[in-house]
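This briefing concerns the pockets of one protein model and the helix that contributes to one of them. Please consult the sequence and the structure shown here before reading the points that follow.

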Amino acid sequence: MNANTSNAFELDRNTLENQIYKELKNRIVSVQILPGQMISENEMANKFSVSRTPIRQAFFRLSVDGLLEIMPQRGALVSFISKRKVREAQRIREVLELEAFTEAAGKWDKTALESITLLGKAEMLITKQEEEIKKLDYYEFTKLDEEFHDCIIQFSGNLSLAYIVKEMRSHLNRLRYIELQEAHHEATAILQHRALLLAIKNKDDDGVSKILIDHLKLVENFREFIFKKRAELFID
C-alpha cells in the first residue's frame, strides 16, 4: 500500500467513524434512543453495515460527551439525563447567549451585506420551523432552533463563544425534545424568534435581553414538571 492509498484509507475510516458518531449522537440527543437503553457494538455494526472498529471509536467519543457509559463485555448504556447538568448548562447558556445576542444588536447595520445575509437566513429558518411544526416534526424543529441561535451567535463575531454554546447543548437538547412533546411551546418559541430578530434590527439591547431570557426560560419554567413526569429518564 503506497502513501497515497494509506492516506485515503485513513480519511475514509475517519469519515465513516465521524458519520456514525454524528448519527448516534443525533439519535441519543433527540431521545430516539432512550436514556438507560443498552446498545452493543455488534448491534450497531450490523445496523450500519460496518466493522466494530468505527463503532467502538464512535462509542468512545460519545462517552467523552457524557452521552454513553461504556460497560466492558456488555456494550454501552445510554446515559441518563443529569438534572444537575441540565440546570448548570441552562445558567451558562443564558449568560453566554445574552452576551452574543446583545453584541449582534450592537453590530447590526441594515446596509451591510453581513446583516442582510443574517436577516435572510434567520427569516428562512423561522419559516422552516413553522413548516416542521405543521408536520409535528420536533426533531427538525429543534435542529432549526439551534441553527437560528447559532447564526446570530456567529454574526456577533465571537467564534469561541459559538463553539462553547454548541458543545454544551447536548444535555439541554435531550430535555428540549421531551419538553416539546409534553408542553408544545413551539408556537411561542417561533414568536420569540421573530421578536428577537426585530429587536436586533432595532439595535434594542434591552429588548434583546428581555426577550432572550424569556425565550431561554421556556424550558426551565416547565422543567421540574418534566423531571417528575418522566422520572425514568433522569438522575440527580
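**Pockets and a central helix of the lining**

In this predicted model, the largest pocket holds about 590 Å³ of space. It is lined by 19 residues, and those closest to its centre are K25, N26, E146, K166 and N173. The second largest pocket holds about 200 Å³ of space.

**Largest pocket**

- Four helices each supply at least two residues of the lining: α1 (3-29), α6 (138-156), α7 (159-167) and α8 (169-183).
- The largest share of this lining comes from α6, which provides six residues.

**Second largest pocket**

- About 200 Å³ of space lies in the second largest pocket, and 13 residues line it, with E41, R52, Q73, R74 and G75 the closest to its centre.
- Two or more residues of the lining come from each of α2 (41-48), α3 (52-64) and β2 (68-71).
- Among the contributors to this lining, α3 gives the most, with four residues.
- By class, the lining of the second largest pocket comprises five nonpolar, four polar and four charged residues.

**Helix α6**

- The 19 residues of α6 reach 27 Å from the first C-alpha to the last, which is close to the 27 Å expected at 1.5 Å a residue.
- Helix α6 is mostly covered, with 14 of its 19 residues buried.
- At the start of α6, the backbone nitrogen of E140 has a side-chain oxygen of D137 within 3.0 Å.
- After α6 comes G157, whose phi is positive, near 90°.

**Residue E132**

- E132 belongs to helix α5, which covers residues 113-134.
- E132 counts as buried because its relative accessibility is 12%, and buried means under 20%.
- Leaving aside residues up to four places away in sequence, E132 touches D137, E140, F141 and L144.

Conventions:
Residues are numbered from 1 along each chain as its sequence is written. This is a predicted model: local features need pLDDT of at least 70, side-chain atom pairs count only at pLDDT 80 or more; totals for chains, interfaces and linings use all residues. Side-chain values use heavy atoms; hydrogens and water are left out. On a 1 Å grid over the protein atoms alone, a cavity is a set of points where a 1.4 Å probe fits but cannot get out, and a pocket is an open set with protein on both sides within 12 Å along at least five of seven lines; lining residues have an atom within 4 Å of a point. Grid points are joined across faces, edges and corners, and a volume is the space filled by probe spheres set on the points. Ala, Val, Leu, Ile, Met, Phe, Trp, Tyr, Cys and Pro count as nonpolar, Asp, Glu, Lys and Arg as charged, and the others, Gly among them, as polar. The expected span of a helix is 1.5 Å times one less than its number of residues. Buried means under 20% relative accessible area, exposed over 50%, partly exposed in between (1.4 Å probe, protein chains only). A polar contact is a pair of N or O atoms within 3.5 Å; within protein, one must be able to donate a hydrogen and the other to accept it, and residues adjacent in sequence count only if both atoms are side-chain atoms. Contact means heavy atoms within 4.5 Å.
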